[in-house]
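Hello,

Here is the structure I promised to pass on. Have a look at it when you get a moment, and then read on for my notes.

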Amino acid sequence: MIAAHLLSYLFTQRNQDQIQKVDKYLYHLRLSDETLMDISSKFRLEMNKGLRCDNNSIAAVKMLPTYVRSIPDGTENGDFLALDLGGSNFRVLLVKVLSNGKQKVEMENQIYDIPEHLKRGCGSELFDHIADCLSQFLDKMGIKQKKLPLGLTFSFPCQQSKLDESILVAWTKGFKASGVEGKDVVSLLRKAIKKRGDFDVDIVAVVNDTVGTMMTCGYEDHQCEIGLIVGTGTNACYMEEMRNLKMVEGDEGRMCVNMEWGAFGDDGTLEFMRTDFDRELDAGSLNPGHQLFEKMISGLYMGELVRLILVKLARDKLLFQGQITPDLLTTAQFHTSYVSAIEKDKDKEGLASAQTVLRGLGLEPSSEDCLATQKVCQIVSTRAAHLCAATMAAVLQQIKDNRGEEKLRTTIGVDGSVYKSHPHFAKRLSKMVRQLTPGCSVCFLRSEDGSGKGAAMVTAVAYRLAKQHAERQRILDELRLSDEQLLDVKRRMGEEMVQGLAKETHKVASVKMLPTYVRATPDGTESGDFLALDLGGTNFRVLLWGAFGDHGELDDFRTKFDHAVDNTSTHPGIQRYEKMISGMYLGEIVRNVLLEFTAKGLLFRGVPERLNTPGIFETKFLSQIESDRLALRQVRSILKHLGLEETTCDDSILVKEVCSVVSRRAAQLCGAGLAAVMDKIRQNRHLERLRITVGVDGTLYKLHPHFSSIMQETVGKLAPQCEVTLLHSEDGSGKGAALITAVLCRIRDANQLRH
Ligand code: BG6
Ligand code: GLC
C-alpha cells in the first residue's frame with residue numbers, strides 16, 4: 001500500500017518536474033498582462049497609421065475600407081446567391097430574404113472542394129472552377145435561367161473603391177494562384193462566367209469574411225459592429241467613423257473597415273515577443289515575412305507551431321526520451337484539430353487524445369510525454385487567444401473613444417474553426433478582453449450561419465439602397481435646376497424687368513421696378529451725423545423682384561413642394577420667386593420634401609408627429625445642418641432638438657442632402673435674377689465687360705455656409721461678361737439709409753455752392 005502511494009507520489013513528482021521544465025522552456029510564449037497591454041497600445045498606433053492615407057502605403061495593418069455602410073433594416077427581400085471562398089470550406093449558397101414583417105432568411109447551401117493544385121496553380125483555372133461549381137449549384141436548384149444578384153465572400157486582403165470591385169492585395173493562408181494579385185476578382189469571376197455562357201449573375205458586392213460575419217450576426221443583434229474570425233486565418237473588422245477614414249472621401253456616417261490584422265508585426269513591431277518557433281514556422285510558410293501576427297494565432301499554423309516545439313523538446317531530450325520520427329518531422333502533420341482534442345479536459349479525454357495523436361506520429365509516448373504535450377498545446381493556444389484579446393481591446397478602445405462614451409456596450413460577431421472547435425479558446429479570449437478593457441461591456445455572438453448569409457445581406461441592402469436612392473433622387477431632381485433652366489430664369493427675369501420699366505407695361509409686370517429716387521452712390525466725401533431708420537425684418541427680401549413668377553413665369557419650375565408652401569402661406573399666389581428663395585420659406589420647402597420621403601418610407605421609420613408642425617425648420621437650423629464642420633452626430637442632435645427623435649445616421653445624411661438641394665436651388669435662382677440685373681446694367685452702359693459690386697444683406701445670406709458662394713458661381717456662369725463682387729453689408733440697411741441722406745446732403749450743398 002505504502003509502496004503504491006510512494007510510486008504514485010514519485011510519478012506525480014516526475015510529471016511535475018517534466019511539466020515545469022517544459023513550462024520554463026516555453027517561458028517566452030507566456031505573455032504577461034503588461035506585455036498584452038503593450039501589444040494592445042502598439043496595435044492601436046498601427047490602426048491609426050493604417051487609417052491615415054499618407055501612411056497607408058507603409059502601414060502593416062492596412063485598415064481597408066469596405067464600402068459597407070448600412071446594416072439590414074428588415075425591409076430587404078428577394079433571392080440572392082452567395083459564394084464563400086477563403087475559409088476551410090468553399091460554399092455556394094442561395095439565400096431567400098423574406099420581409100414579411102418578421103426578419104427571416106432561408107438558405108440552401110452546398111460545399112464544393114477546391115483541389116490544392118488549384119489554390120496554388122493558375123488563377124484563371126481557379127476562377128473557372130468557381131464558375132463551374134456555381135453552374136452545378138444553379139442546375140441543382142433549378143434556377144439557371146434567372147439572373148440573380150450575387151454577393152461574394154472573398155476572405156483575403158482586397159483594396160476596394162466600391163462594393164463591386166475588389167483588387168487582391170496579396171494572397172494569404174494556403175492560396176497562391178498566379179495572375180490574381182493586383183487584379184479585380186469581380187472581373188475575373190465575370191470573365192470566367194461569361195466564358196462558359198451557360199448562366200449569368202449580377203455580382204453586386206464583395207465582402208471579407210469578417211464583414212460577412214458581422215452582417216450575419218448584425219441581423220440578429222443590431223448592436224453588432226465588430227466581426228472577428230479565428231479560423232484558418234485570423235482577422236477582424238469594425239464600424240469606423242468616416243471622419244477617421246482618410247482614404248475615403250466624405251466624413252459623415254460610418255463605414256466598416258477590414259483591418260487585416262493578420263499582418264500586424266510585418267514591419268517588425270512584434271519582434272520583441274516573437275520566438276524562434278515563430279521564425280522557423282514563418283520561414284517554412286508560403287509567404288515568409290508576411291502575416292506574422294496571424295501565424296502566431298490561426299488554425300492554419302497552430303498545429304504546426306506545436307509540432308515545431310515538440311521536435312525541439314524531443315531534440316533536447318525533454319520529450320519522448322529523445323525519440324524523433326519521420327512523421328513528427330513532416331510539416332503540417334500535426335493538425336490544429338489535434339490541439340483542440342488534446343486540450344479537452346473532461347475525464348482526461350485530452351490525455352487519451354494526446355496518446356492517440358502521438359502514436360499516430362509513430363511515437364511511443366509516456367504519460368509524462370502526453371501531459372507535457374498537453375501543456376505545449378495549452379501554452380500555444382492561450383497565447384493565441386490572448387494576442388487576439390490584445391488587438392480586440394485596441395479596437396474596442398477606438399470605438400469607445402469615437403463615441404466619447406463612459407461605458408461601451410457592443411457585440412462582436414465571431415466565426416472560425418479555432419474559435420468554435422477549441423474547447424477553451426472562446427473563454428480565454430473573452431476573459432482577457434474583459435480584463436484588458438474594464439470600460440467595455442462586450443458580448444461575443446457566434447455566427448451560426450457562416451458569412452455567406454451576411455454577404456447575401458450586404459447584397460440585399462445594396463439592392464434596397466440602390467432602389468431607394470433612385471427614388472429619392474427622382475424626388476430631389478424636381479428641385480435641381482440645369483444650367484439651361486437657370487438661363488431661362490435669367491431671360492424671363494430680364495423680360496419682366498423690361499416690362500416693369502416701360503410705362504405701358506409697368507402695370508402688368510410682376511417685377512415692379514419701383515423708382516426709389518436714389519440717384520447717386522456715396523463717393524467717400526460725405527461727412528457729418530445722419531439719423532437712419534431701419535424698419536426691415538430679418539428675412540431676406542428681394543424687394544423689387546420677390547413677385548417675379550406671380551403671373552406664371554416660373555410655373556414650369558415650381559414643384560408640388562412650392563405649391564404646398566404657397567398654399568399655406570399668409571398670401572397665397574403672390575411673391576412666388578421670394579417663396580422659392582428666402583429664409584422664411586426654405587425651411588417649409590424642406591419640411592414638405594421630408595414629409596414626402598417619410599410617407600414613401602424613404603426616411604425616418606414611420607412619420608414623426610413633429611414633422612407635421614409648420615415652421616420647425618428655421619433658417620438658422622438649415623444653415624447649421626449644412627455646415628461642413630458639423631459632424632453627423634451634431635446634425636442628429638439638431639434634429640432631436642427640433643423634436644425629431646430616433647433618427648439614424650442615414651436619416652441625418654438625407655436631411656442634410658434635402659437642405660442642401662433646397663438651399664442650392666434658392667441660391668441659384670437668386671443668382672439667375674442677379675445675373676439678369678447685371679447684364680441689364682451692362683447693356684444700359686453699352687459695356688463689353690462690367691465690373692460691379694453688389695451690396696448684400698439678409699440672415700440667409702449671412703448665416704448660410706454655401707448660399708453666397710453658390711450665388712456667386714451662378715452669376716459668374718450666367719453673366720460671364722460681368723465681374724461681380726458680392727459685398728456683405730456689415731451694418732445692415734440702416735447705415736445705407738444714413739448714407740443716402742449723406743449723399744443727398746453732399747449734392748444739395750454742392751448745388752447751393754454753385755448758386
Ligand atoms: C465560415 C465562414 O463559417 O468561417 C467563412 O462562412 C469564413 O466565410 C470561415 O472564412 C472562417 O473559418 P475557417 O475555420 O473555415 O477558416
Ligand atoms: C486572412 C485573410 C483575411 C481573412 C482572414 C480570416 O487573414 O487575409 O482577409 O479575413 O484570413 O479568414
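Among contacts between residues at least 6 apart in sequence, 71% join residues at least 24 apart. Please keep in mind that this is a predicted model. The protein has 755 residues, and 53% of them are buried. Its secondary structure comes to 25 helices and 15 strands.

Now to the ligand. Which residues come nearest to ligand 1? Of the 14 residues around ligand 1, these are Asp84, Ser88, Thr232, Asp415 and Ser417. Sorted by class, the shell around ligand 1 consists of 10 polar residues, 3 charged ones and 1 nonpolar one.

Some of the individual distances may interest you:

- Threonine 232 has a side-chain N or O atom 2.5 Å from an oxygen atom of ligand 1.
- For serine 417, an N or O atom in the side chain is likewise 2.5 Å from an oxygen atom of ligand 1.
- In aspartate 209, a polar side-chain atom lies 2.7 Å from an oxygen atom of ligand 1.

On its own, ligand 1 has 380 Å² of accessible area, and the protein covers 90% of this.

Glutamine 321 has a phi near 50°, which is a positive value in a residue other than glycine. You will find glutamine 321 in the loop between α9 (299-315) and α10 (336-342). Is glutamine 321 buried or exposed? Glutamine 321 counts as exposed because its relative accessible area is 79%, and the cut-off for exposed is over 50%.

The other residue is histidine 686, whose phi is near 50°, again a positive value in a residue other than glycine. Histidine 686 sits in the loop between α22 (649-684) and β14 (690-696). With a relative accessibility of 74%, histidine 686 is exposed too.

Finally, the cysteines. How many disulfides does the structure hold? The number is 0. A disulfide is a covalent bond between the sulfur atoms of two cysteines. Two cysteines to look at are cysteine 158 and cysteine 722. Cysteine 158 has a relative accessible area of 5%, so this residue is classed as buried. Cysteine 722 is buried as well, because its relative accessible area is 6%, and buried means under 20%.

Best wishes

Definitions and conventions. Residues are numbered from 1 along each chain as its sequence is written. Chains are lettered from A and ligands numbered from 1 in the order in which they are written. This is a predicted model: local features need pLDDT of at least 70, side-chain atom pairs count only at pLDDT 80 or more; totals for chains, interfaces and linings use all residues. Side-chain values use heavy atoms; hydrogens and water are left out. A disulfide is a pair of cysteine sulfur atoms within 2.5 Å. Buried means under 20% relative accessible area, exposed over 50%, partly exposed in between (1.4 Å probe, protein chains only). Helices (H or I, at least four residues) and strands (E, at least two) are DSSP runs, numbered from the N terminus. Contact means heavy atoms within 4.5 Å. A residue is near a molecule or strand if one of its heavy atoms lies within 4 Å of it. A polar contact is a pair of N or O atoms within 3.5 Å; within protein, one must be able to donate a hydrogen and the other to accept it, and residues adjacent in sequence count only if both atoms are side-chain atoms. Accessible areas come from the Shrake-Rupley method with a 1.4 Å probe; for residues, only the protein chains shown count as cover. Ala, Val, Leu, Ile, Met, Phe, Trp, Tyr, Cys and Pro count as nonpolar, Asp, Glu, Lys and Arg as charged, and the others, Gly among them, as polar.
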